[in-house]
Each structure stands twice: as C-alpha cells, then as structure tokens.
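This report covers a sheet and a helix pair. Look over the sequence and the model first.

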Amino acid sequence: MEKYGEYIREICGTLQFPEEAQQFLSEAWEKLQEEKEAAKLLNRWIARYDKDEPVDYEAALEDAAQAAGRTGVHRYTAQLLLFLCMTRHLRELYEKRGISPEIWRASCLDLKWKLLECRKMYGIWGSFVAFWFPGFFELTRFALGRLQFELVDFPENYEKAGRKRPAGMTKAINVHIPSCGRLNREECHASYRQAAAFFADAFPTGQAAVTCSSWLLYPPHRQFLKPDSGVVRFMDEYDIYRTWENDGDLWRVFDLDYDGRPETLPETTAMQRGYKEWLTAGNHAGGGEGIFFLPVG
C-alpha cells in the first residue's frame with residue numbers, strides 16, 4: 001500500500017483539507033502502515049474495494065478501529081483514512097459509468113465536511129460518522145451542487161398521513177444537506193433540477209418526488225428564526241407531513257453533545273441564539289419529514 005501514502009496527500013489536497021489536517025492524516029497513515037497487523041486489518045478492505053469485490057463496511061470500520069487501537073491513532077482518524085483511500089477507485093468507477101469528475105469531487109467533499117464536524121466536536125481530525133459514507137462508495141448517493149441525493153422507495157408515511165401518492169410513482173429522490181455553509185434557495189433549486197435530471201429514468205411520468213427527513217424540517221423553527229433565514233426558506237419548499245421531538249441533532253447546531261442544560265450552550269450564531277432561547281423556555285428540538293414534486297427535464 002505504498003502508493004496510498006502519496007495518494008493520501010493528493011486527495012487531501014484535492015478536497016482542500018486544512019494544512020494541519022493534511023499533515024496529521026499523512027502521518028497517521030504512516031503509523032498505521034508501520035504496524036504489520038494494523039496495516040493488514042486496514043489494507044485488506046481497500047484492496048477488496050479496488051478489485052470490485054464486496055465490502056462489508058461494518059466489518060471494515062471495526063477493523064479500522066482495531067488497527068487504530070494497535071497504533072495509538074484514533075479510530076475516527078483511521079476510519080476516515082479508509083474511505084480517503086477508497087476515493088481513488090471510486091473515481092475509476094465514476095469514469096466507467098460516465099459520471100463527471102465534478103460530481104465525483106463534490107461527492108468526495110462529504111469527507112471534508114465530516115472531517116470539520118469531527119474537529120469541532122471532539123478536536124480530532126477524522127470522522128465520528130464514518131458509517132454514513134458507504135452510500136457514496138456504493139454509488140447510490142451523489143452530491144449534485146449544494147445538496148446530496150439518493151434514490152429511495154416512495155415514502156410510506158406520505159399516504160399514512162392522508163396524502164395521495166401520484167399515480168404510477170414508486171420512487172423518490174431523498175435529500176441530504178451537508179454542513180458546508182448557508183442554505184441558499186437558488187443553489188438548492190439548482191441542485192433539485194440537477195437531481196431530477198440525474199435520476200430521470202426513475203420518473204417516467206415526467207414528475208419527480210423530492211423527499212427529506214431532517215432536523216431542518218422542524219415546524220417550530222418559524223417561531224424563533226426569521227422568515228428569510230435559510231432554514232425557514234428551505235422548509236417552505238416542503239409539504240411537511242410528519243414531525244417529531246428529539247434533541248439528538250442539536251450537536252449540528254452547537255457543535256457539542258447537548259446535556260440538557262440550555263444555559264451552557266453557546267450563542268455565537270442567530271441559529272444558536274434562537275435555539276437556546278427556545279430550549280430555555282422548556283421546549284425541545286425535533287425534525288420533520290416532507291416532500292414536494294417537480295417536473296423532470
């Protein structure tokens with residue numbers, strides 16, 4: 001796996017990782033390769049992916065964690081390195097399928113967004129949600145502009161909520177929102193159009209369904225965020241037909257694990273200030289599931 005020592009530096013540069021992260025990850029890779037058993041644990045999964053052999057991602061992540069434990073490298077770092085190496089063959093798979101290198105790079109940038117989240121949360125250059133990455137490497141999830149998308153079965157909850165599914169529609173385009181900056185409506189609209197074209201074969205009637213299940217679709221946001229905020233404008237696109245209360249996603253707002261004490265939360269951004277006031281008043285965070293339809297082509 002000597003070639004991957006150079007490739008780690010190359011892909012970190014391509015994805016514009018911070019200089020400190022690039023150096024740290026390069027050194028961590030060398031540590032993992034210097035310990036024979038650690039290298040074996042990690043490299044066998046990279047080799048399988050390179051050969052288009054099936055990868056058990058759960059087992060691969062566990063092996064990466066074990067390799068980390070043998071070397072003093074944090075498991076979050078080792079698990080991110082596993083996927084960084086796999087981006088090399090992923091590029092080849094994109095080429096074989098005729099998918100543009102721009103989409104490959106945009107999709108791989110999710111590694112950067114998760115790297116920065118991990119650094120903010122735990123002070124570690126790595127990823128604490130590496131279980132999320134396989135969709136990109138199985139070529140089922142793609143970044144198309146500002147947003148990320150994958151094709152899913154049409155959500156059952158839509159009809160359970162009393163809505164009527166369009167005739168003949170069996171699939172929907174599921175939306176994910178990476179933490180790479182503000183939500184701009186025009187950028188989101190461009191992404192939706194790109195996704196509708198990308199997955200057009202799944203919508204022979206000429207109309208596509210776009211669905212999202214996220215903390216961003218929490219209706220009470222309208223009570224403590226401005227109407228022109230990116231989050232509220234994002235919500236406004238969707239018919240939100242299911243909601244819930246859950247504080248589990250508050251780390252996305254505050255970059256820390258919420259312990260139930262709102263008085264300890266930071267107030268750096270308008271979102272943080274709004275949420276802190278909302279939680280202090282005895283309320284909770286939550287999420288929602290929504291959908292909208294747009295023409296294909």
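## The sheet

Two strands pair if DSSP finds at least two bridges between them. Helices (H or I, at least four residues) and strands (E, at least two) are DSSP runs, numbered from the N terminus. By these terms, six strands form an open sheet in the order β1-β2-β3-β4-β6-β5, with mixed pairing. β1 (141-144) and β5 (239-245) stand at the edges with a single partner strand each, so one side of each has no neighbour in the sheet. From one strand to the next, the twist averages 25°.

This is a predicted model: local features need pLDDT of at least 70, side-chain atom pairs count only at pLDDT 80 or more, and totals for chains, interfaces and linings use all residues. Residues are numbered from 1 along each chain as its sequence is written, and side-chain values use heavy atoms, leaving out hydrogens and water.

## Strand β4

β3 (residues 171-176) pairs with β4 in the parallel sense, over two bridges. Ile173 has Val210 of β4 as its bridge partner. Asn174 stands opposite Thr211 in β4.

Six of the eight residues of β4 (residues 207-214) are buried, so the rest of the structure largely encloses this strand. Buried means under 20% relative accessible area (1.4 Å probe, protein chains only).

## Helices α3 and α4

α3 (residues 36-50) and α4 (residues 57-71) pack at about 155°, their axes 7 Å apart. That makes α3 roughly antiparallel to α4, a term for angles over 145 degrees. Axes are lines fitted to C-alpha atoms, for helices over the stretch in contact, and angles run from 0 to 180 degrees between N-to-C directions.

Conventions
Angles under 35 degrees count as roughly parallel, over 145 as roughly antiparallel, 65 to 115 as roughly perpendicular and the rest as oblique. Buried means under 20% relative accessible area, exposed over 50%, partly exposed in between (1.4 Å probe, protein chains only).
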